[in-house]
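Dear colleague,

Here is the structure that I promised to pass on to you.

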Amino acid sequence: MKRIFTALFALLLATIAFANPTVKEKETNGSVKDEIKAYIQHHLKDSHDFYLGSYKEDGKKHYVGYVGLPIIIWDNGLNIFSSSKFEHGKAVVQKGTNYYKLYHGKIYKTDAAGTITYDDAHHPTNEKPLDLSITKSVLTMLLTALLMFFLFRSLARSYSKNGNIAMGIGRFFEPIILYVRDDIAIPNIGQKHHGRYMSFLLTVFFFIWFLNLLGLTPLGINVTGNIAVTFGLALITFLLTNLTANKNYWAHIFWMPGVPVLMKIALIPIELLGVIIKPFSLLIRLYANMQAGHIVLMSLIGLMFIFNNWLGTSLSFALAFAISIIELLVALLQAYIFTMLSALYFGFAVEEHHEEAH
Amino acid sequence: MEKLLGEFSFGLFIWQTVIVTALILLLRKFAWKPILNTINEREEGIRSAMESAEEARQEMQHLQADNERILKEARAEREGLLKEARELRQKMIDDAKEEAKAQSEQLLAQAKEAIENEKQVAITSLKNEVADLSLQIAESLTKEHLSSDKKQTELVQKLLKEVDLKA
């Protein structure tokens with residue numbers, strides 16, 4: 001497997017090295033590159049509207065399968081309207097005496113003409129209202145939540161209908177639930193306490209997995225590669241860990257047993273930092289992995305259009321295909337790691353006091 | 001880091017937290033609890049079934065051992081009975097022989113005694129007879145041969161000799 005990748009990369013590098021484009025081609029290549037770069041940047045971000053694809057014709061951008069999503073703004077009162085009113089950032093929306101404009105995926109308060117003022121680093125300085133819109137990511141999460149609810153409720157129901165034996169799609173998911181319990185929860189948390197955390201671990205595992213998989217579909221939904229989402233997930237892990245922790249856990253932070261007093265005092269800030277760093281590593285790991293996967297995959301797909309010759313394009317396609325398969329694995333792996341590490345942290349929180357050897 | 005913070009969408013974070021929390025609570029009630037309970041129940045069922053199977057197997061073994069023991073005992077008892085019977089038979093035969101022997105000896109003794117008695121009786125009666133006979137002889141002698149003393153004495157002598165010899 002590794003050898004095949006190496007060979008593919010080598011060939012790809014060779015085509016780059018021997019490609020000798022004319023000046024004219026270079027120019028078009030440059031614009032294609034910029035376009036692809038912008039497209040990837042745009043894709044990675046959350047979006048206020050949903051469409052299957054877009055193309056340019058006669059200098060005008062056309063959208064395919066466009067669906068306006070509800071914009072919900074809290075700005076001294078609730079404002080709800082469809083995202084189609086923004087016309088992809090071109091139009092200013094008036095609500096009462098306030099004017100709103102969509103600029104680079106964010107909603108700003110503007111004047112009637114939609115003026116955006118910038119600071120030195122070219123960041124808009126306009127006031128941002130509290131944006132609670134049902135964005136593409138929120139919609140995807142809602143749909144995933146709905147899917148999970150019906151999926152696992154049907155599994156729960158099939159038991160009572162079929163004499164405690166799973167039926168239908170539940171047959172596929174039951175071993176995974178068992179795996180989460182027997183190989184993630186029980187070894188890390190222990191037989192006694194694992195029951196309390198099972199709901200969180202199972203929900204988070206399937207939630208992340210499903211969202212990761214959805215991110216691989218051509219719908220281009222990058223939910224788990226969004227820092228706000230992973231932050232929310234890690235925050236729940238953080239809160240659950242610290243709210244359910246026992247005396248032993250806090251003793252290990254504020255008064256580490258079995259070390260000299262000076263050491264105990266020195267360890268307090270380190271341990272306190274550890275409390276924050278643990279969930280922080282969770283949120284960064286999931287975010288970075290999914291983000292990187294999307295960037296690599298989209299770049300490889302973009303390469304097909306940059307090369308625009310049969311060898312380079314087919315090689316890019318082969319690589320993109322291979323990376324897609326790896327991403328399928330990564331989707332599951334990241335869900336597993338997040339769940340596994342959460343379980344590990346819960347395990348620290350409920351660990352019983354044992355012999356002094358530490 | 002600045003870019004990361006710039007990308008951070010507070011609205012998305014709020015939605016995410018609300019959705020996940022709601023999902024955890026809903027799934028806990030409608031899915032995870034029933035599913036895990038059922039799985040636990042099933043595992044418990046399997047465990048108890050296996051335990052009872054093991055128990056049944058052990059009981060079976062016990063029964064088999066018991067059966068074997070009983071069979072052995074029965075066989076031993078039969079052997080004992082047969083032996084006893086054989087001994088009894090032998091004893092009976094021996095007893096019978098003994099008895100028969102004793103009886104025959106007794107009979108023999110009785111017969112001997114009877115013979116002795118008869119002999120005694122016969123001797124007595126013979127003696128009486130002889131006495132009678134001698135008396136008769138004496139009588140006749142006295143009747144016929146009293147004439148001659150010599151002859152008389154000779155005769156008596158002769159007779160007595162004979163009698164004595166016979167006696």
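Which residue in strand 10 of chain A does Trp74(A) stand opposite? Trp74(A) faces Leu130(A) there, helices (H or I, at least four residues) and strands (E, at least two) being DSSP runs numbered from the N terminus. Please bear in mind that this is a predicted model, in which local features need pLDDT of at least 70 and side-chain atom pairs count only at pLDDT 80 or more, whereas totals for chains, interfaces and linings use all residues. Residues are numbered from 1 along each chain as its sequence is written, and chains are lettered from A and ligands numbered from 1 in the order in which they are written.

The sheet

Trp74(A) belongs to strand 5 (residues 70–74) of chain A, and that strand sits in an open sheet of three strands with the order 6-5-10 and antiparallel pairing, where two strands pair if DSSP finds at least two bridges between them. Strand 6 (78–82) and strand 10 (130–131) are the edge strands, each pairing on one side only.

Towards strand 10, strand 5 of chain A is joined by two bridges, and Ile73(A) has Asp131(A) as its bridge partner. Towards strand 6 of chain A there are five bridges, with Pro70(A) opposite Ser82(A). Strands 5 and 6 of chain A form a hairpin with three residues between them, and Asn76(A) in the turn has a positive phi of about 55°.

In a regular strand the side chains alternate between the two faces of the sheet. In strand 5 of chain A, Ile71(A) and Ile73(A) make up the covered face, while Pro70(A), Ile72(A) and Trp74(A) lie on the uncovered one.

The contact between the chains

Chain A gives 37 residues to the contact and chain B gives 28, residues being in contact if their C-beta atoms, placed from the backbone, lie within 7 Å. On the side of chain A that touches chain B, strand 10 is among the elements that give two or more residues, and helix 3 (136–161) of chain A provides the largest share, 12 residues. The residues of that side divide into 25 nonpolar, eight polar and four charged (Ala, Val, Leu, Ile, Met, Phe, Trp, Tyr, Cys and Pro count as nonpolar, Asp, Glu, Lys and Arg as charged, and the others, Gly among them, as polar).

Two helices of chain A

The axes of helix 8 (residues 261–307) and helix 9 (residues 310–350) of chain A come within 9 Å and cross at roughly 170°, axes being lines fitted to C-alpha atoms, for helices over the stretch in contact, with angles from 0 to 180 degrees between N-to-C directions.

With best wishes

How values were computed
Contact = placed C-beta atoms within 7 Å. Buried ≥ 20, exposed ≤ 12 C-beta atoms within 10 Å, placed from the backbone.
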